[in-house]
Structures are given as C-alpha cells and as structure tokens.
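Try each task before reading its solution.

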Amino acid sequence: DGCGHTVLGPESGTLASINYPQTSPNSTVCEWEIRVKPGQRVQIKFGDFDIDDSDSCHSSYLRVHNGIGPTRTEIGKYCGFDFQMDGLITSKSNEVTVQFMSGTHTSGRGFLAAYSTTDKSDLITCLDNASHFSEPEFNKYCPAGCVIPFADISGTIPHGYRDSSSLCMAGVHAGVVSNTLGGQINVVISKGIPYYEGSLANNVTSKVGPLSTSLFTFKTSGCYGTLGMESGVIPDSQITASSVLEWSDQTGQVNIWKPENARLKRVGPPWAAFISDEHQWLQIDLNKEKRITGIITTGSTLAEYYYYVSAYRILYSADAQKWTVYREPGMDRDKIFQGNTELYQEVRNNFIPPIIARFFRINPLNWHQKIAMKVELLGCQFSIGRAPKITMPPPPQNKNDKNDEFSDDIINSVKTSLQTDKTTFTPEIKNTTVTPSVTKDVALAAVLVPVLVMVFTTLILILVCAWHWRNRKKKAEGTYDLPYWDRAGWWKGVKQFFPTKSAEHEETPVRYSSSEISHLRPREVPTMLQTESAEYAQPLVGGIVGTLHQRSTFKPEEGKEASYADLDPYSSPIQEVYHAYAEPLPITGPEYATPIIMDMSSHPSTPLGVPSISTFKAAGNQAPPLVGTYNKLLSRTDSTSSAQALYDTPKGQPGPGAADELVYQVPQSVAHSTGSKDE
C-alpha cells in the first residue's frame with residue numbers, strides 16, 4: 001500500500017512513493033518489478049529523495065535489487081533527508097526490483113525516480129525543467145509517465161513554454177513524446193515572452209503563465225501542418241458521416257447539420273449526429289495516403305447549443321473497407337482520446353507514432369447532450385521510397401548450367417528483396433510550429449548587420465555635421481573673410497582690391513569696377529581706424545560724418561609710414577609688400593588721387609586746357625597753384641541728410657561758399673589746428 005504514481009513502460013518509466021510530494025504515511029511498503037528486453041540493462045535516476053534516516057535506514061529506506069524473485073541480489077539500501085544520489089544505479093541484468101519501506105516517521109516526502117535502458121545515456125526525470133540546463137540547445141531522454149498531477153507547465157506551441165515548466169510534461173503536451181512510451185526531445189532555449197497561453201492537449205492542461213527570462217521549444221520533423229479541413233482543400237464530397245441531425249426551429253426553418261459543416265473555425269453550425277450513441281462516426285477521405293500526426297476538435301461553437309464530444313476513438317483504413325482502431329505500441333487495448341470539456345476550446349491530440357492512411361474516422365464515445373463537433377487534421381504528405389535500380393554485370397562468355405542457375409537465383413533474390421523490403425521515410429518539411437535552430441551563420445549575421453548599420457549611420461551623421469559646421473563657419477567669417485586654410489599665398493595679391501568696410505552705414509558701400517569683387521558685400525563687423533597726424537586730406541565719399549573713420553584711399557609720400565593704425569584682424573602681416581590703400585597712380589600722372597564718385601552733369605564745364613583745382617594739400621604745407629575754376633563734386637548722402645557736400649576751395653577763388661578765406665580740409669580724425677594757424 002505504499003505505491004504512488006507509477007508508469008512502467010517497455011523501455012522507460014516513472015515511479016514514486018505514495019502521497020509524493022507530501023509526507024508519506026507510516027508503516028507502508030511497495031515493490032516495483034521492472035523488466036526490459038533481454039540483453040539490455042536497467043538504469044535508475046532519482047529526481048527527488050527525502051526518506052527519514054533517524055534509525056539509520058532500519059525502518060524507512062529504499063532498496064534496489066538485481067533480478068526479480070528469490071534469486072535477486074541487493075545493489076544498495078538508501079535513506080536520508082534531501083539525499084543526493086551521485087550518478088545512476090545500474091543493474092547487471094534486464095530485471096530490477098525496487099522496494100520502498102516507510103516506518104514510523106514525522107517527515108519525509110519519499111522519492112520520485114525514473115528508469116530506462118542503459119542505451120539512454122541522457123536520461124532525465126519528470127521533475128527536470130529548462131532552468132536546470134545552461135546549454136542553448138540540448139537533447140534529453142524523457143521517461144514514460146511524466147504526466148504527473150504535481151507538476152505544472154505554462155505555454156503552448158508554437159509560442160513556447162515557460163522555463164519553469166517540466167521539460168518532459170511539456171514534451172507530452174507539445175506532442176513530441178508519448179506519456180506511455182517516453183522518448184527523445186530536442187530542446188531549444190530562447191528569450192522569454194511577457195505572457196504564456198494555456199491550452200489542453202494530449203490530456204495535459206497548460207496553465208497561463210507570467211513573464212519569464214527564457215522559454216523553450218522543441219525541434220521536430222515539422223509534420224504538423226493542417227491537411228485541409230479548415231482551408232477547404234478537402235472538398236465537401238469527401239466528408240461523410242453515419243447520420244445527420246435535421247430539425248425545424250420555432251420559425252419553421254429546417255436546419256441540417258451536415259458533415260461538411262465539421263470544419264474547424266468555420267462560422268456556423270457543426271456536424272451533429274441524428275442519434276447519439278457509440279456507433280456514430282465522422283469520416284474524412286484524404287484522397288491519398290497521408291501521414292497523420294494529430295487532430296484538433298471543438299464543440300458546436302454555438303452558445304445556444306451546448307454540444308460537444310468529450311471522448312472518442314480513432315479508426316483508419318487504406319480502402320474504407322477494413323478499419324483499424326488506433327492503439328499505442330505495446331498496448332493491447334484501444335486508445336481513448338480526451339475530447340472537449342466545453343463547446344469553444346480547441347483540444348489537440350497527437351498520434352505517436354503517426355497514422356499512415358487515406359481514410360480517417362472519428363468514433364465518439366462520450367458527449368454532452370448531443371454528438372456535435374468540428375475538426376482539423378494535422379500531418380503531411382506521405383510517399384513510399386523507391387528502391388534504386390541495380391545494374392547486374394553481364395554474364396561471362398564461358399559458363400555452365402550451374403553458374404546460370406546460380407546467377408538466376410541471385411537476380412531473383414535481389415528482385416524479391418526490392419519488392420518486399422520497401423521502406424518509408426519522412427519527407428523533410430519545414431517546421432513552422434516551433435522555433436527553428438539558430439546556426440552559426442545566422443548568429444554571425446545577427447551581430448554583423450546591426451553593427452554595420454550603426455557604423456554607416458555614424459559616418460553619415462559625421463559628414464552631415466561637418467558640412468553644416470563648415471557652412472556656419474563660412475557664414476560667421478563674413479563675405480570679405482578668408483577661410484582659415486587660405487589666408488596666405490595668392491590671396492595676398494588680390495587682397496588690396498577689397499573695399500573698406502563701413503563702420504556704421506552699410507547701405508552706402510563703395511563699389512569698385514573690378515569684376516572679381518563686384519559680387520561682394522561689406523562685412524558687418526566695423527573696423528575702427530585711428531590716425532594721429534595725417535599729412536593729406538580724405539575725400540568725403542559718404543558726404544556725412546559717419547564716414548570719417550574709413551581708410552584713406554590716397555597714397556602718402558614716399559618713405560613715410562601710414563599715419564593710422566589698421567586694426568583689421570584679417571590684415572596681412574607686416575612684411576607684405578601690398579598696402580591697405582588704393583593702387584598708386586600712374587607715373588605720368590599727378591601725385592594725387594581723383595575723386596571716386598563724381599557727378600558733373602549739373603555744373604559748368606571749365607575751359608579747355610584749364611585743369612580742375614586740386615582740393616588736397618601739397619607737400620611741405622604749401623598751397624598748390626590756383627588755376628582755373630573749381631568743380632562741384634557731389635557725393636551720396638544717407639536718409640538723414642539731404643545737403644550736398646562740397647570740396648573746399650583755395651582763398652581768392654569764386655565759389656558758392658565764402659571765398660575770402662582759403663582753408664584746406666584737415667584730416668578727419670585730427671583737430672583743426674592747421675586751420676587756426678592759417679586764419
């Protein structure tokens with residue numbers, strides 16, 4: 001009476017003490033006799049071991065024996081709280097006896113163990129989950145019997161299972177291993193998701209789960225596609241049933257729930273049998289043999305008709321005449337599949353191993369109110385492998401009758417083997433229901449592509465910023481400024497052609513006739529020029545006081561320095577040969593400059609041969625000879641002044657101003673000391 005959860009399969013199984021994982025009762029005993037195929041040995045692995053050892057394994061213990069019956073020999077006797085078994089317990093034969101004894105105790109969960117044949121080197125127990133393994137992908141062998149009531153799983157396919165879920169129980173739910181047989185699983189670990197759905201499949205209920213750091217899925221052959229019920233690939237004529245429900249509603253309308261209505265997710269009523277008994281069936285003709293790996297069912301999906309099938313059998317046939325009931329390998333009874341528990345939920349059941357058939361029949365055994373259902377079949381194409389042609393060498397020229405008979409026997413035996421030893425294989429179909437394996441190339445590409453994108457994006461941003469910075473710097477330097485890389489060399493030769501910058505009135509710039517600089521405009525930064533004792537006059541080009549601090553456009557005498565300081569930060573170095581004033585006059589001409597802007601249209605012209613009077617002081621502070629009449633010069637004025645600015649004339653000459661005094665114009669930035677002396 002001490003036996004707990006137990007499934008003993010032909011190659012593997014699971015066994016646990018009574019009431020596990022709760023404390024086992026006192027004074028109980030249980031023995032398990034395990035047999036595998038002759039020639040094989042048994043290995044046992046403990047998932048949990050917690051047996052009271054207060055009396056040194058005298059009354060409570062677990063004992064393992066080689067063999068069964070009176071001739072068995074003891075392998076070991078074990079007890080202890082949270083006892084960790086190192087490695088596996090291996091038998092010497094194909095038979096093992098496990099004995100559990102529970103004496104008087106107050107605590108102790110008991111034990112849970114798994115067994116398999118020794119060729120399954122990667123055996124795990126039903127308690128192992130994905131968090132126990134660090135590899136991103138691994139293969140393990142699950143024993144039979146891992147659908148246990150004290151283990152939980154969260155998730156479903158194709159999205160994956162939460163990392164806290166039991167690997168083997170999730171494998172049963174996904175349909176990759178059988179609970180009665182066990183089997184190999186190929187697990188792939190990936191990043192977790194925020195929410196895990198719940199579902200019912202293969203008699204295992206998956207619960208809704210919260211966010212986790214990782215999840216796992218299973219790699220399979222990929223033979224889990226739909227076979228055409230929902231999509232309509234299977235025509236209505238290939239869906240038949242034992243009977244059809246036909247009835248009239250309150251309005252007198254006749255309702256017929258035909259077999260072709262039994263398409264999963266199809267809007268409307270389902271197929272329903274006219275009589276609800278165990279002899280009803282729904283049949284699907286796949287037109288040719290297919291590899292059928294699973295089935296999905298729902299109830300009526302109509303709220304007002306709460307009909308569904310809760311259990312059923314599966315039959316299959318190649319010709320629709322001889323039918324075979326589906327059974328699991330090694331079992332001597334028909335497999336009963338769990339159906340729906342309500343009318344909406346989709347319930348999946350998988351066939352391990354798959355069914356190879358053309359005709360597929362569902363036989364309901366239990367139902368709610370009436371037999372009504374919608375279905376979809378899962379699987380893939382099935383093809384028979386053809387044996388390759390064998391080319392026999394030509395017989396020798398000289399041969400006797402015995403050789404002929406011998407060669408004929410060989411040929412006949414080869415033909416017979418080719419005809420009888422036909423093998424089938426599973427076509428390679430891409431698995432769309434689980435996470436595909438990540439190869440090294442894909443992993444490398446996943447790293448390189450984002451890096452390259454970031455590098456190219458950074459380069460583009462640098463180029464755009466550099467171009468923008470260069471434009472801003474050019475704008476900040478001004479029209480007359482040089483780029484920082486071009487402030488010497490050829491620029492020295494053309495620098496003198498640039499006009500002086502106006503200090504206050506930018507609306508009246510001096511424009512030169514040179515085509516090279518006609519497009520330029522004055523800088524906004526004023527340049528203050530100072531002079532102490534200029535020996536020559538400056539023309540009133542602007543006609544207003546605001547032009548006083550401009551550079552002189554006239555050349556001083558030879559050997560004298562300019563009497564003003566050029567504070568322009570962009571001026572050339574001291575050693576340059578060009579000056580910041582206008583070019584010297586031709587050698588044959590007078591050594592004074594001519595006004596830059598003149599308007600002679602409103603003044604009388606002077607007689608021929610009479611030169612215009614100079615308005616500038618000659619060297620040595622001597623007045624120049626007075627010949628001829630004066631010319632009236634007009635200059636521009638700004639918007640604040642409309643008066644015309646005239647050049648001063650020598651004393652004694654007629655003019656519009658006071659002619660009784662000869663006053664020379666003094667430098668604009670120096671006090672009128674010279675004028676006072678003349679007066």
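**Exercise 1.** Classify C3 and its disulfide partner by accessibility, then describe their link.

Solution. The model is predicted.
- C3 has 37% relative accessibility, so it counts as partly exposed.
- Its partner is C30, with the two sulfur atoms 1.5 Å apart.
- The link of C3 and C30 is right-handed, with 90 degrees about the S-S bond.
- C30 is buried, at 3% relative accessibility.

**Exercise 2.** Find the handedness of the disulfide between C57 and C79, and locate both cysteines.

Solution. 
- The S to S distance is 1.6 Å.
- The torsion about the S-S bond is about -85 degrees, so this disulfide is left-handed.
- C57 lies in the loop between strand 4 and strand 5, and C79 in the loop between strand 6 and strand 7.
- The pair therefore ties together parts that are 22 residues apart in sequence.
- Buried means under 20%. C57, at 14%, counts as buried. C79, at 12%, is buried.

**Exercise 3.** In what order do the strands of the open sheet run, and which helix packs on the sheet?

Solution. 
- The 5 strands follow the order 10-13-16-12-11, with antiparallel pairing.
- Strand 10 and strand 11 are the edges, each pairing on one side only.
- Strand 12 and strand 16 are joined by 2 bridges. R162 has L215 in strand 16 as its bridge partner.
- Helix 1 (residues 167–174) packs on the sheet; its direction makes about 50 degrees with that of strand 16.

Conventions. Residues numbered from 1 in each chain as written. Predicted model: local features only at pLDDT ≥ 70, side-chain atom pairs only at ≥ 80, totals over all residues. Heavy atoms only, no water. Pairing = 2+ DSSP bridges. Helix = DSSP H or I, 4+ residues; strand = E, 2+ residues; numbered from the N terminus. Contact = heavy atoms within 4.5 Å. Axes fitted to C-alpha atoms, helices over the stretch in contact; angles between N-to-C directions. Disulfide = S-S within 2.5 Å. Buried < 20%, exposed > 50% of the residue type's maximum accessible area, 1.4 Å probe, protein only.
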